[in-house]
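Please have a look at the sequence and the structure first.

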Amino acid sequence: MNYRVDVLKMGQCQVRGPEVYWMDRWDDWEELAFYMVLIRGGGKTLIINTGPPPDLSALNARWTGAFGPRGALLRRNDEFPEMQLGRHDVTPGDVDCVLITPLQTYAMGNIPLFRNAQVCLSRRGWIEDFHAPAYEMHVPRKLRIPDDALAYLTIEAPEKLRLLEDEEEILPGLEAFWVGTHHRSSMAYAIDTEKGRVVVTDCCFKYGNIENNHPIGIMESLPECMAAYARIRSEADIVIPLYDPEVLARFPEGRVA
């Protein structure tokens with residue numbers, strides 16, 4: 001099975017260099033983009049991540065507290081999920097499956113919008129980033145899993161939640177594997193296309209991380225990072241780092257395959 005893959009922009013922000021490149025670029029600012037990835041094939045429509053929540057105030061209060069006004073997440077009116085999906089003649093109701101990486105509000109801020117979709121996320125991450133973290137988390141729970149998403153997945157529609165093992169086939173030609181590195185819930189999604197295997201992940205923020213083997217600055221494990229990068233380089237024909245503005249330069253209009 002070969003799928004079509006398109007990248008849709010959901011917003012952007014700026015961070016200090018060491019957040020992206022471990023122990024480097026101390027005086028630099030790095031721009032990050034936030035993406036939803038649209039996957040279509042075999043009569044199925046899937047997305048990776050749902051974009052930041054409609055109300056950015058709580059998220060931006062924390063981010064600007066760390067970086068000042070320059071750190072605010074900015075979103076144009078045409079970067080809401082409905083608008084970006086509409087460019088491809090897709091509505092939220094058309095989406096059969098939502099794939100999440102990681103459990104953070106900027107990735108899963110619109111889950112209740114996709115009411116016909118199964119929601120897939122890491123079983124390990126669901127436990128270690130939410131239910132039973134091994135240590136105090138540096139991100140408050142409401143900025144990991146917003147209240148409305150938590151209520152939807154655990155009370156209103158728990159049957160929609162699918163917890164993924166560390167290695168799992170989602171559909172023929174579409175697989176998930178756990179990468180850790182950034183968060184306990186960080187996954188890579190490998191998608192077969194006519195251009196080869198496309199791997200989408202948040203364990204590398206930018207191409208410079210994986211192409212130069214330079215770890216991200218916000219990581220929880222250097223060994224996990226090195227292992228993930230080695231595996232992705234060996235298996236992927238195309239890599240989509242979920243925060244690199246360069247993605248839309250390499251793939252004009254977001255058309256990957």
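Predicted model: local features only at pLDDT ≥ 70, side-chain atom pairs only at ≥ 80, totals over all residues.

Is F205 buried or exposed, and at what relative accessibility? At 3% relative accessibility F205 counts as buried, where buried means under 20% relative accessible area, exposed over 50% and partly exposed in between, with a 1.4 Å probe and protein chains only. Y243, at 5% relative accessibility, is likewise counted as buried.

Residues are numbered from 1 along each chain as its sequence is written, and side-chain values use heavy atoms, with hydrogens and water left out.

Rings of Phe, Tyr and Trp (its six-membered ring) pair if their centres lie within 6.5 Å, and planes under 30 degrees apart count as stacked, over 60 as edge-to-face and the rest as tilted. By this rule there are eight aromatic pairs. One of them joins W126 and F130, a tilted pair with 5.0 Å from centre to centre and 55° between the planes. W126 and F130 are both buried.

The rings of F205 and Y243 have centres 5.1 Å apart and planes at 90°, so this pair is edge-to-face. F205 and Y243 also belong to one aromatic cluster, together with F34, W63 and Y106.

Finally, a charge sits over a ring if NZ of Lys or CZ of Arg is within 6 Å of the ring centre and within 35 degrees of the ring normal. R25 lies over the face of Y21, at 3.8 Å from the ring centre, and R124 lies over the face of W178, at 3.5 Å from the ring centre.
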